[in-house]
Amino acid sequence: MKKISWLLFAAVIILTVTLSISARTPRKDNQALNNSDFNSTQKLAYAERLIESFYVDSVNSDELVEEAIISMLKTLDPHSSYSNADETKELTTPLQGNFSGIGIQFNMNNDTLYVIQTTVGGPSERVGIQPGDRILSANDSVLSGVKRQNADVLRILRGPKGTEVIVNVLRKGTPEPIKFRIIRDDIPLYSVDASYMAEKKTGYIRVSRFAESTGKEVEKAVKELQAQGMENLIIDLEDNGGGYLNAAYEMASLFLPKGSLVVYTDGPRVPRTDYRVDRNPVMPDGKLVVLVNQNSASASEIFAGAIQDNDRGLVVGRRTFGKGLVQRPFPFPDGSMIRLTVSRYYTPAGRSIQKPYVNGDAEDYYMDIYNRYKGGEFENADSVHFADSLKVYTLVNRRPVYGGGGIMPDKFVAVDTTGYSKYYRDMMANGIFNRYVVNYVDQNRDLLKKKYSNEREFVDKFQVTPAMIEGLVAMGEKEGVAPDPEGLKISRSPIEAFVKGLIARDLWDMSGYYMTVNPVVSPVYHEGLSLISNDRSYNEKLNGSPEQ
């Protein structure tokens, strides 16, 4: 379909065709109309009427309209988009912070649905569902033994609040399935994946998304860590693709002085809006390190930029994605929605977060990360180049920082591939680690819980044994991953860390997982912890120049 330059107004006109056009029947003699008869928006509506009236085959008007909208938006920036009603619901649910369901975390292992965890206080926990239970069916739908995809399972288990689900559960040690009647309820989606003390005075919080509840969750985690003696904090935003602007603002307000500028938005048709801290911070002092990588985007960049520009802390990792366009949602009555770019994000020092793009060229835009990788940016900070014209200075210590796309960290950390092998990749891709751990925990849950009173004790004392590695290799071979002694040797350390971390997750929560895995497989975490633990290095970096 020919690309149209008139944007949102044309899309709206399609949906709400004016009476004059709707009433106008296409001329039977196919005589061309005078230019004075139509403006550009009416022309598009008239084209739709022509197709409906004269096209050789039957057409779906709704599909025509959607395709027209999609085609128009494709001529714009890479982030303006259209979503139908179902897609809109899927997009907004993770950010709204809850959905209705039965409240379990599950894993499919050999076509069997295993309960990994139940949501505390959720519907499943209330009726007695336990970790390790196998759910055979829900209402009339068989869940185990039929190669269900995760999306199918979610569709079956989720539903309106207050509706009933009858599940049949097989529990180890119980010869017959147990029937549970569960009433679906609102299930919270959390932004804080992990929170723990990394060292005696240093806390760690991992934030996976910026949603409605993010600010409150992070505040709660900070206060809990302060009660454990935390003075310094690492906030991990690696692979955090962003979310709500207000969530980033609220989170930054926990650390910045009252009155500080967090971010501002500005656009040709939308007036500048400043977001300034309007409360006293929860953590006004103490060292702060923000971990980022090339997949940290949008709200993650707002937060990292605010901390960096206000000289409140240091950013560690690799240059962030560079998504600094503001989308405003325009919902339609049928539940569909246009998310239209209306302005740009700017850091407190005036940097545009958005990386360059060409209207209508989304493919090259999304290839940028791959091109960075091929260009050596993930291995060497010297591969990142900034024009002097994009230089600005932080607001307190007057350190030079650069605009032009993404947030460049104060301390660059190269990607680490030393423990990577094809064998490790194939085992991960085939889900062998998860499946092995599900079986291992199922057989040893009571023993492990009795031996280790909490996740910290488990992380400090538990060891992955040679016998466990042999069992893991055997399972991989059974599932089609041929044994590779050399690959195992290369990747043994991260493999052991992932297995141990997954066991900790299944016995407790994600904090146990990151507590185990971070020190072994995350060079960004290691560098951040090293920097925050050294007063001299931290202060020199905070008062010096970010790496380029």
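D426 and K422 share helix α13 (residues 422-429). They sit four residues apart, about one turn of the helix. Their side chains meet in a salt bridge, with 2.8 Å from N to O. This is a predicted model, so every distance here is computed from predicted atoms. Are the two partners buried or exposed? D426 is buried, with a relative accessible area of 19%. That value falls just inside the class, because buried means under 20%. K422 is exposed, with a relative accessible area of 53%.

E457 counts as partly exposed, at 21% relative accessibility. K461 counts as exposed, at 53%.

Side chains of opposite charge can pair when their charged atoms come close. How many salt bridges does a search of the whole structure find? The count is 25. Some residues join up into a network: R319, K355, D368, R372 and E377 are linked by salt bridges.

Another salt bridge spans two strands. The side chains of R206 and D236 meet at 3.0 Å, N to O. R206 lies in strand β11 (residues 202-207) and D236 in strand β12 (residues 232-236), so the pair ties together parts that are 30 residues apart in sequence. R206 is buried, with a relative accessible area of 10%. D236 is buried too, at 0% relative accessibility.

Strands of a sheet pair through backbone hydrogen bonds, either parallel or antiparallel. Here six strands follow the order β10-β11-β12-β15-β16-β21, and the pairing is mixed. Which strands stand at the edges? They are β10 (192-197) and β21 (411-412). Each has a single partner strand, so one side of each is left without a neighbour in the sheet. Further in, strand β15 (residues 288-292) pairs with strand β16 (residues 314-317) in the parallel sense, over four bridges. V290 has V315 in β16 as its bridge partner.

Next come the nonpolar cores. In soluble globular proteins, nonpolar side chains tend to be buried together. The largest nonpolar core in this model has 51 residues. Those with the most contacts inside it are F458, F462, V499 and I503. Which helix gives the most to this core? Helix α17 (residues 485-507) does, with eight residues. I503 shows how the packing reaches along the chain. Leaving aside its neighbours within four places in sequence, I503 is in contact with V437, Y440, V441, L448, F458, F462 and M468.

The buried ones are L245, A247, A248, Y249, M251 and A252.

Strand β13 (residues 261-266) is mostly covered as well: five of its six residues are buried. What does β13 pair with? One partner is strand β14 (residues 273-276), which runs antiparallel to it and is joined by four bridges. A hairpin of six residues connects the two. L261 stands opposite R276 in β14. The other pairing described here is with strand β18 (residues 337-346), again antiparallel, over three bridges. Y264 has Y346 in β18 as its bridge partner.

S83 sits in strand β1 (residues 81-83). It counts as buried, at 4% relative accessibility. S83 and R339 are 256 residues apart along the chain, yet their C-alpha atoms are separated by 8.2 Å. Beyond its neighbours within four places in sequence, S83 is in contact with T88, L91, S336 and M337.

Finally, the surface. I51, Y55, V56 and V59 make a nonpolar surface patch of about 370 Å². Where is Y55 found? Y55 is in the loop between α3 (40-54) and α4 (61-74).

Methods:
Residues numbered from 1 in each chain as written. Predicted model: local features only at pLDDT ≥ 70, side-chain atom pairs only at ≥ 80, totals over all residues. Heavy atoms only, no water. Core = buried A, V, L, I, M, F, W, Y, C linked by side-chain atoms within 4.5 Å. Buried < 20%, exposed > 50% of the residue type's maximum accessible area, 1.4 Å probe, protein only. Contact = heavy atoms within 4.5 Å. Pairing = 2+ DSSP bridges. Patch = residues over 30% accessible without salt bridge, like charges linked within 9 Å, V, L, I, M, F, W, Y side chains within 5 Å. Areas by Shrake-Rupley, 256 points an atom, 1.4 Å probe, with all protein chains shown as cover. Salt bridge = Lys/Arg side-chain N within 4 Å of Asp/Glu carboxyl O.
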